[in-house]
Amino acid sequence: MANLIDITTDVQFTEIISKKNSVIVLDFWAPWAEPCKQMNDVVAELAAKFPSLQFLKIEAENFPEISEEYEIAAVPTIIVLKGGKLVERVEGAKAAEVTNVVAKHAKGTSTQKSVSATEGEAKPAKDLNSRLKELINSAPIMVFIKGTPQQPRCGFTRQLIDILAEQNVKYSSFNILMDEEVRQGLKAYSNWPTYPQMYVHGELIGGLDIVKELVSSGELAEMIAEGAK
């Protein structure tokens, strides 16, 4: 199928996703992961059903820079790009969810909708910043993580949760995997490109490495106490 492409080079990938007016579905997979075989079949079926969309199969481990850019922590992961922007992410072999997501965006490719989205970009950005500020200040100690404290979805998140538990730090958390808008928006808002992110009394502390340094020096406890006064 012409709209289902196996990516073979980084240049090829860059050229394809540079088409800003299209909806592109990225299928990150690995040959050793059994669930990927099922999702590859699902993607092939969707490509046949929606010929107006572009589907790219990307073997995650062969393209580490692309995988890092889209923060691929597990395979299979399906990502939908619309107008060059990431709008959906589905992790795991969730055939029904992927089908629904692709079908939804296949319906939204008209010129009228694209123009409306462009005209409304400034206002949602302002609204998002307000929402991010509220989230950051919703608790004295706030961490933005992949997963939950009970079920961390990446090694860095797990380490941070363990450190906070060891230090008896009371905190609230936000699972960025459940909200793609927050996940992408917070990176720009905080000028910090990775997760987890930790905030103390509304101020960005940083990621895992910085938290480790602050714990070792005793500064973290001081910062928490100082803000509580």
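Me: On the other side of helix 2, which residues are exposed?
Reply: The model is predicted, with local features needing pLDDT of at least 70, side-chain atom pairs pLDDT 80 or more, and totals for chains, interfaces and linings using all residues. Residues are numbered from 1 along each chain as its sequence is written, and side-chain values use heavy atoms, without hydrogens and water. Exposed means over 50% relative accessible area, buried under 20%, partly exposed in between (1.4 Å probe, protein chains only); helices (H or I, at least four residues) and strands (E, at least two) are DSSP runs numbered from the N terminus. On that side of helix 2 the exposed residues are Glu34, Asp41, Glu45, Ala48 and Lys49.

Me: What arc do the buried residues of helix 2 cover around the axis?
Reply: The buried residues of helix 2 are Cys36, Met39, Asn40, Val42, Val43, Leu46 and Ala47. They lie on the same side of helix 2, because their arc around the axis (taken from the directions from the helix axis to the C-beta atoms) is only 165°.

Me: How is the aromatic pair of Phe144 and Phe174 classed?
Reply: Rings of Phe, Tyr and Trp (its six-membered ring) pair if their centres lie within 6.5 Å; planes under 30 degrees apart are stacked, over 60 edge-to-face, the rest tilted. Phe144 in strand 6 and Phe174 in strand 7 are 30 residues apart, and both are buried. Their ring centres are 5.9 Å apart with planes at 45°, so the pair is tilted.
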